[in-house]
Amino acid sequence: MKTYLQKILSESFKKLNYTQSNFHFDKTKEEKFGDFSTNAALVLAKELKSPPRKIAEDIVNNLEFDKDLISKVEIAGAGF
């Protein structure tokens with residue numbers, strides 16, 4: 001699943017002309033927070049000098065994914 005997530009995130013980055021940064025995916029500690037989280041927006045925020053939440057919104061709006069594999073994508077907190 002992590003490979004698939006990295007693939008769709010990379011495709012979103014390409015659409016937005018974002019560089020591939022050293023981001024990572026982690027399994028969440030609590031189920032109420034979903035299955036995975038990523039720090040991609042936080043990493044890019046420093047590089048792009050833009051708010052993490054705005055970057056996260058742009059990424060999510062440009063994600064194309066298989067709805068049979070992923071039921072929902074949410075932005076939590078400051079852009080996780």
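Beyond the residues up to four places away in sequence, L9 touches F23, F25, T38, A40, I59 and L63 (contact means heavy atoms within 4.5 Å). This is a predicted model, where local features need pLDDT of at least 70 and side-chain atom pairs count only at pLDDT 80 or more, while totals for chains, interfaces and linings use all residues. Residues are numbered from 1 along each chain as its sequence is written, and side-chain values use heavy atoms, without hydrogens and water.

On confidence, the protein chain has a mean pLDDT (the predictor's confidence in each residue, from 0 to 100) of 89, and 96% of its residues reach 70 or more.

L9 also belongs to the largest nonpolar core, which has 17 residues; L9, F13, I55 and I59 have the most contacts inside it. Such a core joins buried (under 20% relative accessible area, 1.4 Å probe, protein chains only) Ala, Val, Leu, Ile, Met, Phe, Trp, Tyr and Cys residues through side-chain atoms within 4.5 Å. Helices (H or I, at least four residues) are DSSP runs, as are strands (E, at least two), numbered from the N terminus.

Now to the loop between β1 and β2 (36–38), where K29 is found. K29 counts as exposed (over 50%) because its relative accessibility is 85%.
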